[in-house]
Amino acid sequence: MQDAPTLTFNEKMLANYVPIFVMLPLGVVTIDNALEDKDTLVKQLKELKKAGVDGVMVDVWWGIIESKGPKQYDWSAYRSMFQAVQECGLKLQAIMSFHQCGGNVGDIVTIPIPQWVLDIGESNPDIFYTNLKGNRNREYLTLGVDNLPLFNGRTAVEIYSDYLKSFRENMSDFLESGLIIDIEVGLGPAGELRYPSYPETQGWAFPGIGEFQCYDKYLKAEFKEAAAIAGHPEWDLPDNAGEYNDTPESTEFFKSNGTYLTEKGKFFLTWYSYKLLSHGDQILDEANKVFLGCKLKLAAKVSGIHWWYETDNHAAELTAGYYNLKDRDGYRPIARMLSRHHAILNFTCLEMKNSEQSADAKSAPQELVQQVLSGGWRENIEVAGENALARYDSAAYDQILLNARPNGINKDGQPKLRMYGVTYLRLVDELLQETNFDIFKTFVKKMHADQDYCQDSEKYNHRLGPLERSKPKFSTEDLLDATKPVEPFPWDKETDMSVTGGGGGLLSYLISKIFSLFK
């Protein structure tokens, strides 16, 4: 029997490599479906390639592609952009963005959902998520219409599925060439699997608790039906959960010993979070059918709602649809659902430290990241992530590096815990400014475990085989079983791959403290 080949030091270190992607500008393809400044884009892509970046991520906007009318798709500008990415030798993560751009943190351009859908909403505003006061949110269709043929005979899920099929047909050459390595399926506002509970367009400001968004007539009827089946036809949706900018204790629902702890409150929160889970599950099942056999992975994004995490009620998470409490894990059921689709869980706020947050927000991004990533790993799925806000300082990069390899480098091969990839937000002129870009280049090198850029992902144990069919649907009991809290994996105090070469650096710490003053 032949001995296994002895690996060199660098080959062992390569097993610690975490690929790094950069999010392209929001308006790289304009609302008029044009790639306006291809020359500048190519120049920037070449800069990224020179820095050792593995690839880029881009929103593929429903509001641009299907703007002319139902099933009238125009992929030409995106084809041109994908070609440019391919020619620069970068990989591509494509987001199927079924939401509006504009109205969320960091949105600097506005791309509504297609006008023909908004027109249907003029005569039937209940196709949109709605709060208790009746305010409609036009960012994304309510999951209450997922299976209702209200859109020229099609359901919302059929619209999403048809869009994915058209993408596969029109981008088949890029799929076959290996350019596109993952498809992130948009499942809600900002592309995240959540309810639009904290919309700036309706006056929400950090750290407001947000509001439940299930008061359209379709979700109202579904709740009444569910309550009747449970033997409580008298139960209604909450009317005591406060407004967007309230604190938890000022509301009857979230205060100590509030409604959220009663039988009725628990029933509502279970229903509200389960509807969201089912929504993601159904659409990912469609995506899996469409991309079956393609050499790529599916992904879904979960929002990093870190404010009020330190309180018993976790109010801001609850209004967003994450039923997460000290004695109930709201994220592992999502990871378990994703596991049946062979999908990656993509999480946010990787750069944040608790010390940077204002004390009155009761915020704990570090523990939140630890909980969500641990839940993903315990369900044997890949986890990836991104920063929530633009940061160019080494303290932020070091925090991302710590989360990417929570127990550091393993000099003998693959570390026990390693994120599948990190996407940096985003490609803007400020990032490419010399001082910022020099730190960023060091960050890329550290993400790569001090190794050179590696074209062959198999060398760092990323095997992209043909996408397999989703496994059978989990029972409600199986998903509820995942809510049992389990201690997260331990994290080191700081990364062993700091961009400053030490434990984060004093200057970096001071920058992060100054940054926190402007939060």
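Student: Which residues line the second largest cavity, and which strand gives the most to the lining?

Tutor: This is a predicted model, and in it the second largest cavity is lined by Met 57, Gln 93, Asp 182, Glu 184, Ala 299, Ile 344, Asn 346, Ala 384, Gly 385, Gly 421, Val 422 and Thr 423. At least two lining residues come from each of β6 (180-185), β8 (343-347), β9 (383-386) and β10 (421-424). With three residues, the strand that gives the most is β10.

Student: How many residues of that lining are nonpolar, polar and charged?

Tutor: The lining of the second largest cavity includes Ala 299 and Asp 182, and Ala counts as nonpolar whereas Asp counts as charged. Sorted in this way, the lining of the second largest cavity has five nonpolar, five polar and two charged residues.

Student: Which element supplies the largest share of the lining of the largest cavity?

Tutor: The largest cavity is lined by 14 residues, and the closest to its centre are Ser 273, Tyr 274, Leu 277, Arg 328 and Pro 333. Two or more lining residues come from each of α9 (263-290), α11 (332-340) and α16 (476-481). By class, the lining has eight nonpolar, five polar and one charged residues. The largest share, five residues, is that of α9.

Student: Are α9 and α11 roughly parallel or roughly antiparallel?

Tutor: The axes of α9 and α11 lie 10 Å apart, and the helices pack at an angle of about 15°. Angles under 35 degrees count as roughly parallel. Therefore the relation of α9 to α11 is roughly parallel.

Student: Which residues of α9 and of α11 make the contact, and what is the handedness of the crossing?

Tutor: From α9, the contact uses Leu 277, Gly 280, Asp 281, Leu 284 and Asp 285, and from α11 it uses Pro 333, Ile 334, Met 337, Leu 338 and Arg 340. The residues of this contact comprise six nonpolar, one polar and three charged. Leu 277 and Pro 333 are also among the residues closest to the centre of the largest cavity. As for the handedness, the crossing of α9 past α11 is right-handed.

Methods
Residues are numbered from 1 along each chain as its sequence is written. This is a predicted model: local features need pLDDT of at least 70, side-chain atom pairs count only at pLDDT 80 or more; totals for chains, interfaces and linings use all residues. Side-chain values use heavy atoms; hydrogens and water are left out. On a 1 Å grid over the protein atoms alone, a cavity is a set of points where a 1.4 Å probe fits but cannot get out, and a pocket is an open set with protein on both sides within 12 Å along at least five of seven lines; lining residues have an atom within 4 Å of a point. Helices (H or I, at least four residues) and strands (E, at least two) are DSSP runs, numbered from the N terminus. Axes are lines fitted to C-alpha atoms, for helices over the stretch in contact, and angles run from 0 to 180 degrees between N-to-C directions. Angles under 35 degrees count as roughly parallel, over 145 as roughly antiparallel, 65 to 115 as roughly perpendicular and the rest as oblique. A crossing is left-handed if the near helix is turned anticlockwise from the far one by less than a right angle, and right-handed if clockwise. Contact means heavy atoms within 4.5 Å.
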